[in-house]
Amino acid sequence: MKRIITATVRNRSGVLNRITGLLQRRQFNIESISVGRTETEGMSKMTFVVDVEDAQKLEQVTKQLNKQIDIIKVSDITDKAIVARELALIKIVSNAPLRAEIQGIIEPFRASIIDVSKESLSIQVTGKPDKVEALIELLRPYGIKELARTGVTAFARGQQPNTKDGNSTSLLG
């Protein structure tokens, strides 16, 4: 099962390496990871999408992450109301006659062309991972020359709904 885990950490050398090493030793597959500074000086937020066998393993690794010196807080936010986005840069094969057609494809996704050359277009898209994936699949027939994705970055919304009944929706399906 895929889970979204966030970690607030001290922005120090080696923290990412220690966290990914711990996840590797526990045989978690990291599907994506994004890291960046936060609003607090000297702190960073890490967002991991990991594939976990069961809830017990997830709880065990969360407890071990919380014991790490430079980790301030770890949360599994998968089943919470969250704001999550991903960025993708897509370079596709293109020539002048195709540009209007490609513009028509990317417009509903609120994507934008960020670079144009004689033989290619570079497109930027942000949004939920399924939106990013859908655009990539539509552009695939044109020939993707290069693709770079940031992975999911996310945090919990301000007001969390009451989910006592166990019915919650997940970004990951």
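Which residue takes a positive phi just after helix 1? It is Gln27, with a phi of about 60°.

**Basis of the report**

The model is predicted: local features need pLDDT of at least 70 and side-chain atom pairs count only at pLDDT 80 or more, whereas totals for chains, interfaces and linings use all residues. Residues are numbered from 1 along each chain as its sequence is written, and side-chain values use heavy atoms, with hydrogens and water left out.

**Overall organisation**

The protein chain has four helices and nine strands; these are DSSP runs (helices H or I, at least four residues; strands E, at least two), numbered from the N terminus. Read from the N terminus, the order of elements is β-α-β-β-α-β-β-α-β-β-α-β-β. Along the principal axes, the C-alpha atoms fill a box of roughly 55 × 40 × 30 Å. Of the 173 residues in the protein chain, 35% are buried, where buried means under 20% relative accessible area, exposed over 50% and partly exposed in between (1.4 Å probe, protein chains only). Contact means heavy atoms within 4.5 Å. Among contacts between residues at least 6 apart in sequence, 72% join residues at least 24 apart.

**Nonpolar cores**

A nonpolar core is a set of buried Ala, Val, Leu, Ile, Met, Phe, Trp, Tyr and Cys residues joined through side-chain atoms within 4.5 Å. The largest such core has 17 residues, and Ile19, Leu23 and Phe48 have the most contacts inside it. Two or more residues each come from strand 1 (2–10), helix 1 (15–25), strand 3 (43–51), helix 2 (55–67) and strand 4 (71–76). Helix 1 gives the most to this core, with four residues. Leaving aside residues up to four places away in sequence, Phe48 touches Arg3, Ile4, Ile5, Ala7, Ile19, Thr20, Leu23, Ile30, Ser32 and Ile33. Apart from this core lies another, of 16 residues, which includes Ala88, Ile102, Ile105 and Val125.

In helix 1, the residues Val15, Ile19, Gly21, Leu22 and Leu23 are buried. Their cover includes strand 1, strand 2, strand 3, helix 2 and strand 4.

**Helix packing**

Two packed helices are described by the angle between their axes and the distance between the axes. Here axes are lines fitted to C-alpha atoms, for helices over the stretch in contact, and angles run from 0 to 180 degrees between N-to-C directions.

Helix 1 and helix 2 pack at about 155°, with their axes 11 Å apart. That angle makes helix 1 roughly antiparallel to helix 2, a class that covers angles over 145 degrees, whereas those under 35 count as roughly parallel, 65 to 115 as roughly perpendicular and the rest as oblique. Ile19, Leu22 and Leu23 of helix 1 meet Val61, Gln64 and Leu65 of helix 2. The residues of this contact divide into five nonpolar, one polar and no charged; Ala, Val, Leu, Ile, Met, Phe, Trp, Tyr, Cys and Pro count as nonpolar, Asp, Glu, Lys and Arg as charged, and the others, Gly among them, as polar.

The axes of helix 3 (96–106) and helix 4 (residues 129–139) come within 10 Å and cross at roughly 155°. Helix 3 is thus roughly antiparallel to helix 4. The contact is made by Ile102, Ile105 and Ile106 of helix 3 and Leu135, Leu138 and Leu139 of helix 4. Its residues divide into six nonpolar, no polar and no charged.

**Residues in loops**

Most residues other than glycine have a negative phi.

| Residue | Phi | Relative accessibility | Loop |
|---|---|---|---|
| Gln27 | about 60° | 63% | between helix 1 and strand 2 (29–37) |
| Arg110 | about 55° | 75% | between helix 3 and strand 6 (112–116) |

Gln27 counts as exposed, and Arg110 is exposed too.

Other loop positions are buried. Ile77, in the loop between strand 4 and strand 5 (82–93), counts as buried because its relative accessibility is 3%. Ile77 touches Ile4, Thr6, Ile82, Ala154, Phe155 and Ala156, not counting residues up to four places away in sequence. The C-alpha atoms of Ile77 and Ala156, 79 residues apart along the chain, are separated by 6.7 Å. Val152 lies in the loop between strand 8 (144–149) and strand 9 (153–156) and, at 5% relative accessibility, counts as buried.
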